[in-house]
Structures are given as structure tokens and as C-alpha cells.
Amino acid sequence: MSPRSASVNEELRRRSRERILAATVELVSERGYEATTLGDIAERAGSARGLISYYFPGKRQLLQSAVHRLMHLTLEEALEREPRTEDGRERLARAIDAILGLAAERPVLMRTHMAGILQAEGFVQCPEQQRLAALLRDTVERYGSTDVARDYPLLRALLMGAVFAQLLPGAPMPTARLRAELFQRYGLGWELGTPPDGGPPDGTPELRAPLPDRSVRVPDQSSASRSPLWSPDEEPPARSKSSK
């Protein structure tokens with residue numbers, strides 16, 4: 001029997017890694033982080049325990065990569081679902097709905113993820129995170145941004161804040177209200193994306209007509225807009241001319 005080619009070995013490694021990531025999402029969603037062991041994950045994935053240590057330096061890093069993969073797949077599905085569209089406003093609305101919807105559907109997983117990224121390890125640089133970041137950047141660009149390096153960090157910071165508010169134990173904010181605030185911030189009509197039943201919350205203007213300028217403008221880089229969401233991207237260099 002001839003040895004497997006390098007491409008075949010690479011594909012097998014990719015599939016093994018993805019099974020481990022999928023098993024991590026399933027088990028942490030079912031049992032919580034502390035009750036899920038690496039042995040449990042290996043068993044669910046049908047992989048050897050040692051493979052997890054080969055691919056990931058630790059359990060926390062594994063979880064971050066698993067959640068980044070889930071977020072990437074969820075966002076990609078939302079952006080490409082039928083009817084497909086190239087309209088930047090619709091795509092941004094779908095992106096917001098995808099992230100808020102994921103937090104609502106998997107609160108245990110996303111709460112654990114949010115808690116983990118605040119720990120000393122920080123963010124994990126991994127292929128899953130990079131694919132997620134690329135999708136969000138592309139969404140901002142299609143929306144009409146003329147300065148993606150400034151506008152993408154603001155979007156991810158706003159999304160992180162919304163997810164945190166959704167999942168805050170004892171004082172969660174309603175998803176519809178958070179959606180309304182984000183849609184108003186970006187001038188998106190309530191009917192775009194996947195609107196929840198019942199229409200906008202009381203007091204929220206129901207925007208429908210497209211705005212003449214769709215670019216996202218950031219007057220200054222406050223500490224909130226500089227805070228990372230899904231990755232510790234390098235900050236853009238300071239510019240002497242502010243956006244208007």
C-alpha cells in the first residue's frame with residue numbers, strides 16, 4: 001500500500017480538527033465548561049485524546065476556536081441564504097441578527113466564551129477567528145464603509161457589547177431592544193434581516209427609506225471602539241484628519 005499524499009493527510013487533519021471543534025460546542029452547550037473534559041470531547045469526536053493536545057494548547061483555547069468556528073459558520077449561512085443579495089444594508093442586518101440570534105440560542109456557550117476572553121489568555125489567534133474577522137470586514141465594506149480599518153473595530157465592539165447585555169445574569173436586555181439600537185445606529189430598516197415578531201419596541205423609529213450616505217463614520221476612537229471583540233487586531237495608525 002502506497003503512503004498517503006500530503007494533501008490527503010492535510011484533509012484528514014482538517015476533518016479531525018473540525019470534529020473536535022464541533023464536539024466541543026455540543027458538550028459545552030449541554031453540560032457547561034467545567035463539567036466538560038477533554039476526554040469527553042475526544043470521545044464525542046471519535047478522536048484520540050492526544051490529538052486535542054496536538055491541535056490546541058489547552059481547553060480554554062479549544063473552546064475559543066470552537067466558538068469562533070460556530071460564529072463563522074452561522075454568519076456565513078446568514079449572509080448567503082436565499083434570496084442571496086449583494087445589498088450592503090441587508091447583509092449588515094443579517095450579520096447583526098446572526099450574532100444576536102446565536103447568543104439567544106446558545107446562552108451557556110456564549111456566556112462561557114465571553115467570560116473566557118476576559119481571562120489572562122486573551123484572544124486566540126486561529127484560522128476560525130481569522131475567517132470570522134474576514135466575514136465581518138467584508139460586511140462592513142459592502143455596507144459602504146470607506147475606512148474599514150476604523151469601522152470594523154467599532155462594529156465588533158458594538159456586537160460584543162450587545163451580546164454581553166443579552167447574557168448578563170440577572171439583568172439581561174431584550175434582544176429586540178438591542179437589535180433596534182444597533183439598527184438605528186446603522187440606519188437599517190426594521191424589516192431587513194430577520195426581524196422578530198411584533199415590530200420595533202415602543203419608542204423606536206421604524207426606518208425604511210435608505211439613507212443617502214451608507215458609510216460608517218467614526219468621529220474618534222474612544223476606548224470602547226478600540227476594545228477587541230473576536231480578535232486582537234492591530235490598531236490602525238492614528239490619523240491627523242478626523243472623519244465627519
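Contact here means heavy atoms within 4.5 Å. This is a predicted model, where local features need pLDDT of at least 70, side-chain atom pairs count only at pLDDT 80 or more, and totals for chains, interfaces and linings use all residues. Residues are numbered from 1 along each chain as its sequence is written, and side-chain values use heavy atoms, with hydrogens and water left out.

**Stop 1: His72.** Select His72 in helix α4, residues 59-80. Helices are DSSP runs (H or I, at least four residues), numbered from the N terminus. His72 is buried, at 10% relative accessible area; the cut-off for buried is under 20% (exposed is over 50%, partly exposed in between, 1.4 Å probe, protein chains only). Now show Glu128, Arg131, Leu132 and Leu135. His72 contacts these four, leaving aside neighbours within four places in sequence.

**Stop 2: α1 and α2.** Select residues 6-31 for α1 and 38-45 for α2. Their axes, lines fitted to C-alpha atoms over the stretch in contact, lie 8 Å apart at about 120°. The angle runs from 0 to 180 degrees between N-to-C directions. The two helices are therefore oblique to each other, the class left over after under 35 degrees (roughly parallel), over 145 (roughly antiparallel) and 65 to 115 (roughly perpendicular). Color the meeting residues: in α1, they include Arg19, Ile20 and Ala23; in α2, they are Asp40, Ile41, Arg44 and Ala45.

**Stop 3: α8.** Select residues 148-167. Of its 20 residues, 16 are buried. Check the length too: at 1.5 Å a residue, α8 should span 28 Å, and its end C-alpha atoms are 28 Å apart, which agrees. The expected span is 1.5 Å times one less than the number of residues.
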